[in-house]
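Trainee: I have a chain on screen and want to learn how to read its features. Where do we begin?

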Amino acid sequence: MSLNKNNILFYFLLFFCALSVAQEQVENEKDSILIENLDEVIVTATRTVRQLSSLPLPVTLISKKQLQQTGVTRLNEILNEQTGIIMTPDATIGGGEGVQIQGIASDYILVLIDGVPVVGRSSGNLDLSRFAIGNIKQIEVVKGPSSSLFGSEALGGVINIITEKPTSENISGQVSHRAATFNNQNTNLSLNQRTKKIGYSIFADRLSTDGYDLAPTQDGQTVNPFFNYTLNGRLFFDIAKNIDVFASGRYFYQEFDIQPSTSEEKDANAQLRVNHNASKKTNLQYEFYYTNYITDEQVVDPIDNELLIANDFDQKLFRPEIRFNHSFSLNNTLTIGGGYNFETLDRSLFAETVTFNSQYIFIQYDFKPIEKLNIITGARFDNHSEYNSQLSPKISAKYDITPSFSIKGSVGSGFKAPDFRQLYLDFTNAAGGGYSVFGKEVEAAGIQRLQDNDEIATLQVDPSQLGERLDAESSVGYNFGVAYKEGKISSELNFFRNDFKNLIDTRILAAKTNGQNVFGYVNRESVYTQGLELDLKYNLFKTLNLSAGYQLLFAFDKDKEDALDNGEVFARDPETLETIRLSKSDYFGLENRSRHTINFKAFYDIPKWSANANLRVTYRSRFGLTDRNGNDLLDDFDNSFVGGYALVNLTFGKTFLEHYSLQLGANNLLDFKGNSPLAAQDNDVLINPGILVFAKLNIQF
C-alpha cells in the first residue's frame, strides 16, 4: 500500500511538530533563556557595511546556512523561494532562467559577484543557472532602483553574490557530490587557508545532466544534455597594517549536447581590489575588473547538415573604479566614487565589432540628524558614448518609533542603457521564413541594402525616422514600509510602485517582397508595477524557525489602459464568437506576471541527533504567456494562461562522525508539470519536469 502526496506532507508535518515539542522540552531543561543570533550585515545597499535591520531599503538576505540546508546547487533555485522574486524561463536556446523582482523583468536586474557585474545577456536575459553556490557566504538582494550606486541595468534591483573568506590557519575545506533525477550529477571541492598576512581560497564545481523532454512529439529536448565547470581562485594579502589586497579569478565553461548543432559558453573574469585605510575615519578602495563572456552556437539542419543560424557572441568589459569613504562620526559617512567602463562586443549577428565607453561618478551621504532617524541620500552621473547622459538620484530614510517598531521609505530613479542588440543587430533569419531585425544604429543602412536588392515591398515608417537616437529606459521607484521585531517575532510590510518610461519595444519598419517583415526598435512603452510585500518570521522554538512571505502585484502598460478607456480594444468571445469591446477589468496585465505569490519555510535543527530538516512551499497564481487573440494585450479571453500552482520541497540532513553529512531531498512533491494550453503547441514554454529527487554526500576537513 502506498501513501499519496497529501498524506506524505501530513505525516511529515506531524512528525516535524512532535520532534519540535520534544526537542524544546529538552532544551528548556538546559536553558530557558532565548539566545538570539547577531544581526546580519549587508554591503550591497550602501556599498558600506550595514546591519540588515537598520537599512531603510527593502533588502533580502540569504544566508550560507539556508543555502546549505536546502541542498540547492544553483543561484536560480534559491532565489525562486524568496518573497517578491520569481524565476522566469527564457525562450531562447540555452537561455536558462532570468529573475523578476517586484514584477520587473530580468533585463533590468543587475547581478554582481563580490560587487562587480557579470555580463552575457545575449538575448537580454542573464541565465542565473550558470552560477554555482558552493562557496557563497551570502546572497544580498536589493529591491527597487539602485542606479544611484550601480548605474545601468540596476533599474529594478541588484543581486550580489558574496563569496566566503578564509578564516582558519589550518587548511580546511569540503568535497561534496550530489546525484539527482535525470542523471543530474554535481561535484564540488573547496580549499581555503588564512595565515597572518596571506589567505587563499580555491573552488571547483562540475555539473552535468541528461536533460529532459516535456514535448515528446516535437524535435529535440526541452532541456538538452549539458555539462559545465566552474573554477574560482581568490587571494587575500595584507601588504601593511593599513593596506590589504584582494585578487580573484573565475572561469566557467558549459557545453550542450544538441548534435549536429553545437552550443558552447565561456565566462571568465579577473578582479583586483586594493583596500587602503588612510586613517581611522578614511578608507580608499582601488578596483580593477575585467570580464569576457563568449558563446559559440551553430544551429544545423539535422537532415541535410546545412547551417541555419550562427550565433557567436564575444563580449568584453574592463572597468577601473575608485571609492572614498569618510566617517565624520559613528553614524555620519560620506561615500564618493568614480570609474570608467570600456565594453566591446563581437557578434556574428552584427555587421562589425561595436564599442561602448562611459564615465561615471557617484556620491552618497549616510547620516543620522537625530538619534532615531537615519537618512541616506545620493546620486550618480553617467556619461555614455551611445545615449544621453543620465543623472540618477535616490533618497531613503528610516525612523525608529520604538526600539521594536520602525517606518522606512525610499524614492529613487533608475535607468537602463540601450544594449548592443537594440543598437547594432543586423540579422535575417533564413530558417524562419526570411524576416529581418535591425538595431537602431544600422536600420537605415539595412533598409537601404534591402531596397537596393529589391527586397522591400512597402516601407511602414517615415524614412526620416530611421536611425533616430534611442533614449535610455528610465524609471522612478517608490518603496514605503513598516518593520517590527520583538523577541521571537519579526515582520516587514513594504508597499512599492515603479513607473517606467521609454521602454524599448520592437516595431515593423517594412514589409518584404517574400511576405515577411523587417523589425526595428523604438522607445514606446510606459508601464508600471505596484503592490505590496509581506514577510513574517517566527522562532517557534529555539530549533524551529518559521517564515512566510506574500506579494500582491499589479503590472500594466499605461498606453494599453488608455486604449481601453477610449474603447479601442476588442476581442472575440471564444464561446459565442461575438466581437466585444473590452474594458479595463478585462485587462490582465503584463505577460508572465502573477497577481499573487506566496512562500512558506520551516527549518528545524535537531542537535541531539546532529540532524536537520526543512520544508519549503512556494505558490504562484495564474499568469499569461502572450497575446493570442491579436489585440496586442493580455486579456481574459486569451488562451495562454498557466494556472496557479504550488511547488513543495523537502530536505533532510544528518551529520556523521563530525565531518560527514548526508542529505536527502525531493523537490516539487506535488508533481506539477504545467497546465498551459501552450505546452502542447510551443516548445518555448519551460514547464516543470515533475518530482526531482536528490541525495548529497558532503565531507568536511
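Mentor: With surface patches. Patches are made of residues with over 30% relative accessible area and no salt bridge; like charges are joined within 9 Å, and nonpolar side chains (Val, Leu, Ile, Met, Phe, Trp, Tyr) within 5 Å. Accessible areas come from the Shrake-Rupley method with a 1.4 Å probe, and for residues only the protein chains shown count as cover. A salt bridge is a side-chain nitrogen of Lys or Arg within 4 Å of a carboxyl oxygen of Asp or Glu. Two ground rules. This is a predicted model, where local features need pLDDT of at least 70, side-chain atom pairs count only at pLDDT 80 or more, and totals for chains, interfaces and linings use all residues. Residues are numbered from 1 along each chain as its sequence is written, and side-chain values use heavy atoms, with hydrogens and water left out.

Trainee: Which residues make the nonpolar surface patch of about 670 Å²?

Mentor: Phe652, Phe656, Leu657, Tyr660, Leu662, Leu664 and Leu697 make it. Strands here are DSSP runs of E, at least two residues; helices are runs of H or I, at least four; both are numbered from the N terminus. Strands E36 (645-656) and E37 (660-667) each supply at least two patch residues. E37 gives the most, with three. Leu664 sits in E37. Leu664 counts as partly exposed because its relative accessibility is 45%; buried means under 20%, exposed over 50%, partly exposed in between (1.4 Å probe, protein chains only).

Trainee: How do I read strand pairing, and in which sense do E19 and E20 pair?

Mentor: Strands of a sheet pair through backbone hydrogen bonds, either parallel or antiparallel. Two strands pair if DSSP finds at least two bridges between them. E19 (residues 354-370) and E20 (residues 373-384) pair in the antiparallel sense over eleven bridges. Gln359 stands opposite Asn383 in E20. A hairpin of two residues joins E19 to E20. E20 also pairs with E21 (residues 390-400), antiparallel, over ten bridges. That hairpin runs through five residues. There, Arg380 faces Ser392 in E21.

Trainee: In what order do the five strands of the open sheet come?

Mentor: E3-E8-E9-E6-E7, with mixed pairing. E3 (59-63) and E7 (116-117) stand at the edges with a single partner strand each, so one side of each has no neighbour in the sheet. E8 (residues 136-143) and E9 (residues 157-163) run antiparallel, joined by seven bridges. Val142 has Val158 in E9 as its bridge partner.

Trainee: Which residues touch the most other members of the largest nonpolar core?

Mentor: A nonpolar core is a set of buried Ala, Val, Leu, Ile, Met, Phe, Trp, Tyr and Cys residues joined through side-chain atoms within 4.5 Å. The largest has 40 residues; Leu75, Leu79, Val99, Leu128, Phe131, Ile139 and Ile159 touch the most other members. Apart from that core lies another of 30 residues, including Tyr293 and Val461.

Trainee: How many salt bridges are there?

Mentor: Side chains of opposite charge can pair when their charged atoms come close. The count is 32. In one of them, Glu81 meets Arg616, with the closest N and O atoms 3.0 Å apart. This pair links distant parts of the chain, 535 residues apart: Glu81 is in the loop between helix H3 (75-79) and strand E4 (85-89), Arg616 in strand E33 (residues 611-620).

Trainee: Are Glu81 and Arg616 buried or exposed?

Mentor: Glu81 counts as buried because its relative accessibility is 5%. Arg616 is buried too, at 1%.
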